[in-house]
Amino acid sequence: MYNEEIKNKYLSTLPYTTAKSHRSYFSKIEDYEKKMQKDVVFFSSEEFTEMMREIKGLSLGSSLYNLTGCIKRYGKWYGKNYTPVDYKSVFTVDYLQILPLYYKSSLDLINDIDLVIKIKINEYQIPFNVISVYLDEIRMKYNIAVGVILLSWCGLTVNEIINLKSENIFQKENKIYVEGRNTLISVDDPTMRILTKMKTGYSYAKIDKNTDGFNSQNDYILTTEDFQHTEFFLKKRGKSADYANPVSTKLIDLSMGEFNKNSQDKVFSLIALRENGMFYRAYERSKKMPELQFKRGKDDEDFYAIFDNWVKEISKSKFGELKYKYKAYIKLFEKTIE
């Protein structure tokens, strides 16, 4: 522990089990105290937030709050016995600063997807008037990455996405039928518009070296090529591909790796997107359910009512973490629409 003598004095005032857990929390922050060359009680708000953003080995739920409670309690003790410190205002978790990027809507997500595609295509310096004619085909060039991103937002797992068939996307109903669950899931309008274009897209953009001497000012040219028929929503490319079977997880990993490698440092995490999409849907559902109370200790059923059904299968601690993060998402959402 950093400043071990003082912290041991503090720990000696606590019951054994409490002291044991607090000692563990002090070990979590020791590296940051060494980095700053001072005890945590002297951290500024900015330094505390940075530490909470970078700290490893804690969930974004009860563990994070327990750590904060430990530091506040230590700060209060330190202030009484040594020098007064502002433990109440400094040691407060601001989820809006430590949580990963959340999208407020699928439109924001789609805008980022299209931004990445635009940047990637611009690398080839193809004239805009040519690109504008082939926008749908250009998106289909990245159909695996884009499809996986949007379907993760809708709440599908990677295995469900891999096995999703085109016939199970219903545009008029704004629904997707997930065979493994034997259920229909709802899809918001902007997402369904893109999924429908991808479902019906039969060709993709190809970018080749320009070998035409008459147009040598352009190093690359854009052409299109048809997909081979497949019953699956995610479409493969290449004459040697096995079109009777769905894409592999390896191909998905490769496609996501390529898509996430962009000059804007936009990274699309499938786990985070699945969670983000659920939060967005939960917020929309909650606005139609004024009877929900969300009372502390009695709110599990209310969260089950607005969360996607898959949360009923996760552990209690993970569910508690989702509740904390959802509340932070609401703060972020409502702050940006004021």
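**View 1. The second largest cavity of the predicted model holds about 40 Å³ of space.** Its lining is formed by D136, R139, M140, K197 and M198. Two elements, α9 (135-141) and α12, each give two or more residues to this lining. Helix α9 supplies the largest share, three residues. By residue class, the lining of the second largest cavity comprises three charged and two nonpolar residues, with no polar ones.

**View 2. Helix α10 (residues 143-154) packs with helix α12 (residues 189-200).** The angle between the two helices is about 145 degrees, and their axes lie 11 Å apart. The crossing of α10 and α12 is left-handed. On the α10 side the contact involves N143, V146, G147, L150, L151, W153 and C154, which meet T191, I194, L195 and M198 of α12. Eight residues of this contact are nonpolar and three are polar, while none is charged.

View 3. The residues lining the largest cavity are Y32, K35, M36, F43, E47, E50, M51 and E54. Helices α2 (16-36) and α3 (45-54) are the elements that give two or more residues to this lining. The largest share, four residues, comes from α3. The lining of the largest cavity divides into four nonpolar and four charged residues, with no polar ones. In total, the model contains two cavities of 30 Å³ or more.

Definitions and conventions: Residues numbered from 1 in each chain as written. Predicted model: local features only at pLDDT ≥ 70, side-chain atom pairs only at ≥ 80, totals over all residues. Heavy atoms only, no water. Axes fitted to C-alpha atoms, helices over the stretch in contact; angles between N-to-C directions. Left-handed = near helix turned anticlockwise from the far one by under 90°. Contact = heavy atoms within 4.5 Å. Nonpolar A, V, L, I, M, F, W, Y, C, P; charged D, E, K, R; others polar. 1 Å grid on protein atoms, 1.4 Å probe; cavity = no way out; pocket = protein on both sides within 12 Å on 5 of 7 lines; lining within 4 Å. Points joined across faces, edges and corners; volume = space filled by probe spheres on them.
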